[in-house]
Amino acid sequence: MNGRLSNVTIAKLPAEVLVPRYARNSVTPGIVHLGVGAFHRAHQAAYVDACLADGESNWGIVGVSLRSPDTRDALKPQDGLYTLAIRDSAGEQLQVIGSIQSLLVAPEDPGAVLAALTDPRIRIVTLTITEKAYLRAADGTLDSAHPDIVHDLANPGSPRTAHGFLAESLARRSIAGTPPFTVLCCDNLPANGATLHRLLIEFAKLRDADLGRHVADEVAFPSSMVDRIVPATTDADRTRIGQQLGVEDAWPVMTEPFRQWVIEDRFPAGRPAWERFGVTMVEDVGPFEDMKLRLLNGAHSGIAYLGLLSGHATVDRAFADPAIRRFVDRLWAEAIPTLPQDAGLDTTAYTAELADRFSNTALAHRTAQIANDGSQKLPQRIVASALARLEAGLLPEHLSLVVAAWIAACAARGGALPEGHFTDPLDAALNELFGRDLPTAKMTEAVFDLAGFAIGHAERQRLIEFVATHLVHFKQGGPKLAFAALGIGNEPPRLAE
C-alpha cells in the first residue's frame, strides 16, 4: 500500500471509490459531536457530508471523544478522513467521508472541548454516547451521587461528563451573549431530546438556579430517531479495504445500505438541509421512535441473547436459525399492538424490511456486540412493551423471554457461550447475585431490583413471574426447552401480520 489515507493521497484512490465532492479547506465548523464512534461516522457524519457536498460549507463537524483517544489517534494522521464501507450480500461500495474537520479527546484537554462548544459558529451539538453515559439513577432521574457528576459540579472548568460540558459551555455562552446551541440527542433513549433536557436541567440546577432556568427556557432539545446497523470493524476489514484503496485506513467503518433519521424540527439557531438527503423532519418523533425501539432494537436484543445461548456468533446466522426466526415473528406480533395505532405506521412493511436487514450475510454483526449493556437497553426495548401488554390484559410471553435470555446469557458468561464476551454496567453486582444460588423466583426479583426494571409499576410482579418461568426452562434445557415451552420448533417462519 502507498501510505495512509489523507488529503494528499485521496486524489490517488481508485475511480470507483466515492470521495468528498467539496473543498475541505473551505468548510467551517457548525456542529460539535460528543461520542465520535463508529455509529456517528456511519450515520450523522455521512448525512452532513452530503450537505457539505451540496454547498452548505458551514456545517463541518468537530468530533469529541469523552473517554478514549483511539478514534483521534486513528483519524488525525488521516486529516479526519475515513472509509465508509456500505455492504450487503450483493457487494460493497466504498465512500470516503470528509465531514469531520477535527478531533478532540476530552480527558486530555477539557478546555479545548469547552472552547469548541463556546465557538459562536457552533449551532448544534449532537450526541451518541450510549445509554449508560447519561448517568441516570434507577428511577430515571440524574444520578447525582455518581463520582463523575460530583466531580463536574465541583470542577465546572474541567468536566468529565456530557452533562458537565454542556452546562458549562451553555453558561459561558450566556455570559458572553452568544445564543445557545441546539442539543440533538441521537441515542436510543425514550423521548431522547426531552430526556436529555430533563437530565441537564437537573444537573444545571445543582450548579446554579439561574443556569437551570436558562437550560429549561432557552435551549432547544429536539428528539430524534436514528437507525443504521454498524458492526464492529475487524482487522480483516482494515486489510481488505486497504487493498481496495491502495492506501491504509486505520479505522474504516462497516455498515448496511439502509439508513434512517427522523428529527423533531426545532432548531432556533439553524440546521443543515438534511431533508434533501432522506432525513424525515417531523413535529413528533415518538411513533417512529417507539416502532424502531420495540421492533428493531427489541428484536436485535432477542436475537443477540438467544443467538449467544444457541451458539450463533452473528445476527445473520442467528436469524437463519428456524426457531429464533419464528420467535422474532412472534415477538413482533406481541410488540406491534403496543405501538400508537393512529400514527400511520406501516409495521408490515417495516418488519419485512427488518427481516431482510437481519439476513444480510455481508455485515457479520456480532451478537456479542449487540448484547452489551442490556440492563440499560432492555427497559425501552422490551420491558415497556411487556408492561403495555399486561396493562391491556394481554400476555407478554415472548417479550418476557428476552429478559430471561439476557439474565441467562449474563449468568452463562465464562461458561458455555462461544464468542460470548459482552459487558454490562451491572456485571459486578450480577455476578455476586448469581453466586448466591437463590431460588429462581427470588433471583429474578433481585435482578429486577438491581436493574430498576418496572420500578413502581402495578404489573411488575406479574412480569417477574413470566421471566422466572422462562429462566427455569433455560436452566433445565437451554433455548431449545424455552422455545418448546412456547410451542416453537423448527417449522418454517412467517412474517408477523
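Residues are numbered from 1 along each chain as its sequence is written, and side-chain values use heavy atoms, without hydrogens and water. In this predicted model, local features need pLDDT of at least 70 and side-chain atom pairs count only at pLDDT 80 or more, while totals for chains, interfaces and linings use all residues.

The helices discussed here are DSSP runs (H or I, at least four residues), numbered from the N terminus.

| Helix | Residues |
|---|---|
| α10 | 286–309 |
| α15 | 374–391 |
| α16 | 397–412 |
| α18 | 440–451 |

The axes of α10 and α15, which come within 10 Å, cross at roughly 120 degrees, where axes are lines fitted to C-alpha atoms over the stretch in contact and angles run from 0 to 180 degrees between N-to-C directions.

A nonpolar core is a set of buried Ala, Val, Leu, Ile, Met, Phe, Trp, Tyr and Cys residues joined through side-chain atoms within 4.5 Å, and buried means under 20% relative accessible area (1.4 Å probe, protein chains only). In the largest core, of 67 residues, Leu 295, Phe 327, Phe 358 and Trp 406 touch the most other members, and helix α16 gives the largest share, eleven residues. Apart from this core lies another of 38 residues, including Val 32 and Phe 181.

Helix α18 has buried residues that include Met 443 and Phe 448, and their cover includes α15 and α16. Just after α18, Gly 452 takes a positive phi of about 75 degrees.

How values were computed
Helices (H or I, at least four residues) and strands (E, at least two) are DSSP runs, numbered from the N terminus. Buried means under 20% relative accessible area, exposed over 50%, partly exposed in between (1.4 Å probe, protein chains only). The expected span of a helix is 1.5 Å times one less than its number of residues. Contact means heavy atoms within 4.5 Å.
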